[in-house]
Amino acid sequence: MPTTSLPAVPAERDIIRVPRQLGLAAMSILGTRAGAVVEDPVAGVLYFFVPAGTASAWDVENTRPVGDERVPIPPVRRTSGPGPHWRMCPGDGSWHTDPSALVAAIADAFGPRLGGQPPERDTA
């Protein structure tokens, strides 16, 4: 099936590019709070759709807002590869993932940092 490309930053949404493994972990953490997500296996990335204006302040390690590049938008029914496909299909209400939830999910997906404090364990 052919894919169509839309401008990377349409007026109603911005797009955040996330490496595949990090994006999959963030999606798992977000669960049903994830908006539409496209996976491009050739590029090894996931694209999260966020409200317009998010990209201008986006500064999250190992991710980047999509600027002038074009993002592959698969047909609605394409939910598996090969090629670009929906990891999370767009819903009727919104394509958007809440930016602060996405930031938190990405931070959680990184896990504890080297030299950082490990989480406290409940030993009771």
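Partly exposed means a relative accessible area between the 20% that ends buried and the 50% that starts exposed. Keep that in mind for these close-ups, which all come from a predicted model.

**View 1. Asn 62, a loop residue with a positive phi.** Asn 62 sits in the loop that runs between β4 (45-51) and β5 (64-65). Its relative accessible area is 46%, so it counts as partly exposed. Check out the backbone here: phi is near 65 degrees, a positive value even though this residue isn't a glycine.

**View 2. Thr 97, tucked away in a loop.** You'll find Thr 97 in the loop between β7 (85-88) and α2 (99-110). A polar atom of its side chain lies 2.7 Å from the backbone nitrogen of Gly 35. Beyond its neighbours within four places in sequence, Thr 97 also touches residues including Leu 30, Phe 48, Val 50 and Leu 102.

**View 3. Phe 48 and the largest nonpolar core.** This core has 17 residues, and Phe 48 is among those with the most contacts inside it, along with Ile 16, Val 18, Leu 30, Trp 58, Leu 102 and Ile 106. Sequence neighbours within four places aside, the contacts of Phe 48 include Asp 14, Met 27, Val 37 and Thr 97. Another core, of 10 residues, lies apart from this one, with Ala 36, Val 71, Ile 73 and Trp 86 among its members.

**View 4. A cis peptide bond at Pro 82.** Gly 81 and Pro 82 are joined by a cis peptide bond, with omega about 10 degrees. Pro 82 belongs to the loop between β6 (71-73) and β7.

Notes. Residues numbered from 1 in each chain as written. Predicted model: local features only at pLDDT ≥ 70, side-chain atom pairs only at ≥ 80, totals over all residues. Heavy atoms only, no water. Helix = DSSP H or I, 4+ residues; strand = E, 2+ residues; numbered from the N terminus. Buried < 20%, exposed > 50% of the residue type's maximum accessible area, 1.4 Å probe, protein only. Polar contact = N/O pair within 3.5 Å; in protein donor to acceptor, adjacent residues only side chain to side chain. Contact = heavy atoms within 4.5 Å. Core = buried A, V, L, I, M, F, W, Y, C linked by side-chain atoms within 4.5 Å.
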